[in-house]
Amino acid sequence: MWCWRLTGLFNVPCRLSRSTSHRSAWLPGCGKIFSAAAARWHHTAPESLKCAWQLHGDHLELRYANTLMRFDFVWLRDHCRSASCYNTKTNQRSLDTASVDLGIKPKAVRVDETTLFLTWPDGHVTRYGLEWLVKNSYEGQKQQVMHPRILWNAEIYRQAQIPSVDCRSFLETDEGLKEFLQNFLLYGIAFVENVPPTKEDTEILAERISLIRETIYGRMWYFTSDFSRGDTAYTKLALDRHTDTTYFQEPCGIQVFHCLKHEGTGGRTLLVDGFYAAEQVLQKAPDQFELLSKVPLKHEYVENVGGCHNHMIGVGPVLNVYPWNNELYLIRYNNYDRAVINTVPYDVVHRWYTAHRTLTTELRRPENELWVKLKPGKALFIDNWRVLHGREAFTGYRQLCGCYLTRDDVLNTARLLGLQA
Ligand SMILES: C[N+](C)(C)CCCC[C@H](N)C(=O)O
Ligand SMILES: O=C(O)CCC(=O)C(=O)O
Ligand SMILES: [Fe+2]
């Protein structure tokens with residue numbers, strides 16, 4: 001159901017990206033290679049077209065499992081998995097890549113049903129499983145998604161009826177943790193229920209999946225509307241949708257919120273899937289999507305309140321995509337914390353404002369807004385690289401606790417449980 005939503009992100013041509021310039025050079029070329037040079041193709045077995053290969057001046061071309069791959073010779077030497085080149089105990093390369101002649105060429109090539117064999121000028125033999133090559137080639141990787149996701153608006157999210165995970169099952173069983181992480185990876189948000197409403201218990205939750213990322217706000221933070229810090233978060237005012245810590249070179253990966261107390265009105269939490277909105281921009285105005293992914297901007301945090309003095313600057317585009325498949329991995333969006341734009345000339349600035357407006361329009365569509373009231377006992381985990389949060393103005397005493405998590409460690413936990421992350 002979600003595949004089609006995802007593919008859009010990768011297939012739309014991105015004029016400046018390397019992958020596209022490759023693609024256009026590649027597609028017209030491949031027909032020619034097959035027809036004009038068919039005599040030079042070597043097949044595993046005469047009756048089998050499963051695998052065929054051809055040696056060119058500076059690369060090896062291999063066709064296997066419906067994938068046409070091209071391998072640079074240095075790449076083929078560098079990735080050798082023989083005992084002298086690769087340590088399988090540590091999964092680390094032992095070969096010194098700098099010792100490989102950049103003009104290296106195999107002196108013999110052979111392919112059987114499962115394996116490619118290369119003999120190098122010094123007699124060293126490298127073997128590659130054909131399946132391994134498909135999985136690890138550029139062409140194979142280009143067809144893959146790094147992070148499978150389900151993009152959502154309020155309706156899609158509600159209809160999916162994703163259950164909250166119970167605190168005990170989250171803490172005590174691998175199944176509970178895995179279910180939670182799977183939902184978190186797919187949707188960018190996930191809830192844990194029946195959490196004792198204390199900072200200490202929230203910390204135990206956080207530590208179950210990751211390392212806590214300590215920042216200028218501390219390790220575990222409590223906050224209320226006391227303006228103890230120089231930021232609107234510490235008031236009763238409404239906060240429009242945004243991602244946090246855009247002013248870090250690497251914005252925090254995950255934000256945990258647990259509302260410990262609220263005696264008053266308002267204060268609901270707003271959640272918006274930034275990737276869903278970005279996908280709409282890509283569909284409607286690919287040039288604008290591209291601009292948002294290419295123009296670097298600064299975000300800034302300048303604080304001088306009480307004893308707190310901080311000046312943080314983070315640089316990066318609003319949308320961050322992997323260049324080989326155009327897949328989004330990070331949105332940096334905070335209009336409060338966006339710094340003076342002095343990294344782009346005036347004409348690009350105007351086009352950037354237009355693109356920013358298009359994205360903002362998508363982010364603000366009421367149908368994309370998921371509103372939830374955080375209550376004591378219900379902890380919310382937000383993927384701060386994807387899902388924007390905001391809050392409604394409120395009255396009365398409201399206390400939130402939480403922390404940031406290091407993204408690498410959340411993904412590490414997910415992978416160890418067998419999830420693709
Ligand atoms: C979450 N906590 C209250 C600790 C910090 C809030 C940081 C707010 C800042 N404007 C930002 O968006 O990064
Ligand atoms: O008060 C809230 O619900 C959230 C405030 C906020 O955006 C933050 O702390 O990052
Ligand atoms: Fe925030």
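The legends below describe close-up views of a predicted model.

View 1. In the UniProt record, an unreviewed entry, the annotation "domain: Gamma-butyrobetaine hydroxylase-like N-terminal" is listed for residues 57-133. This span is 13% helix and 39% strand, and its end C-alpha atoms lie 20 Å apart. The annotation "domain: TauD/TfdA-like", which also comes from an unreviewed UniProt entry, covers residues 161-404. Over residues 161-404 the chain is 28% helix and 32% strand, with end C-alpha atoms that are 26 Å apart.

View 2. The phi angle of Gln161 is near 45°, which is a positive value in a residue other than glycine. Is Gln161 buried or exposed? Gln161 counts as exposed, because its relative accessibility is 65% and the cut-off for exposed is over 50%.

**View 3. Helix α8 and the glycine that follows.** Among the buried residues of α8 are Gly176, Leu177, Phe180, Leu181 and Phe184. Others that are buried in this helix include Asn183, Leu185, Leu186 and Tyr187. Just after α8 comes Gly188, which takes a positive phi of about 80°.

**View 4. The surroundings of ligand 1.** There are 15 residues around ligand 1, and of these Asp231, Thr245, Tyr247, Asn334 and Asp337 come nearest. An N or O atom in the side chain of Tyr247 is 2.6 Å from an oxygen atom of ligand 1, whereas in Thr245 a backbone N or O atom lies 2.8 Å from an oxygen atom of the ligand. In the side chain of Asp337, an N or O atom is 2.9 Å from a nitrogen atom of ligand 1. On its own ligand 1 has 370 Å² of accessible area, and the protein covers 96% of this.

View 5. Thr245 is placed in the loop between β14 (239-242) and β15 (254-263). Its phi angle is near 50°, a positive value in a residue other than glycine. Why does Thr245 count as buried? The relative accessible area of Thr245 is 0%, and buried means under 20%.

**View 6. The iron ion, ligand 3.** Which residues coordinate the iron ion? The donors are His242 through NE2, Asp244 through OD and His389 through NE2, at 2.1 Å. Along the sequence these donor residues follow the spacing H-x1-D-x144-H. Both His242 and Asp244 are buried.

View 7. An oxygen atom of ligand 2 is 2.7 Å from an N or O atom in the side chain of Arg398. For His389 the side-chain N or O atom is 3.1 Å from an oxygen atom of the ligand, and for Gln255 the corresponding distance is 3.5 Å. Taken alone, ligand 2 exposes 290 Å², of which the protein buries 94%.

View 8. His356 lies in helix α12 (residues 346-363), and it counts as buried because its relative accessibility is 11%, with the cut-off for buried set at under 20%. How far apart are His356 and Phe289 in sequence and in space? They are separated by 67 residues in sequence and, C-alpha to C-alpha, by 9.1 Å in space. Arg407 has its place in helix α13 (residues 407-416), and at 11% relative accessibility Arg407 counts as buried. The side chains of Arg407 and Asp383 are joined by a polar contact of 3.0 Å.

Methods: Residues are numbered from 1 along each chain as its sequence is written. Chains are lettered from A and ligands numbered from 1 in the order in which they are written. This is a predicted model: local features need pLDDT of at least 70, side-chain atom pairs count only at pLDDT 80 or more; totals for chains, interfaces and linings use all residues. Side-chain values use heavy atoms; hydrogens and water are left out. UniProt positions are given in the numbering used here, feature names are shortened, and annotations may be inferred rather than shown by experiment. Helices (H or I, at least four residues) and strands (E, at least two) are DSSP runs, numbered from the N terminus. Buried means under 20% relative accessible area, exposed over 50%, partly exposed in between (1.4 Å probe, protein chains only). A residue is near a molecule or strand if one of its heavy atoms lies within 4 Å of it. A polar contact is a pair of N or O atoms within 3.5 Å; within protein, one must be able to donate a hydrogen and the other to accept it, and residues adjacent in sequence count only if both atoms are side-chain atoms. Accessible areas come from the Shrake-Rupley method with a 1.4 Å probe; for residues, only the protein chains shown count as cover. Donors are N, O and S atoms within 2.8 Å of the metal (3.2 Å for Na, K and Ca); water is not among the atoms, so sites may look incomplete.
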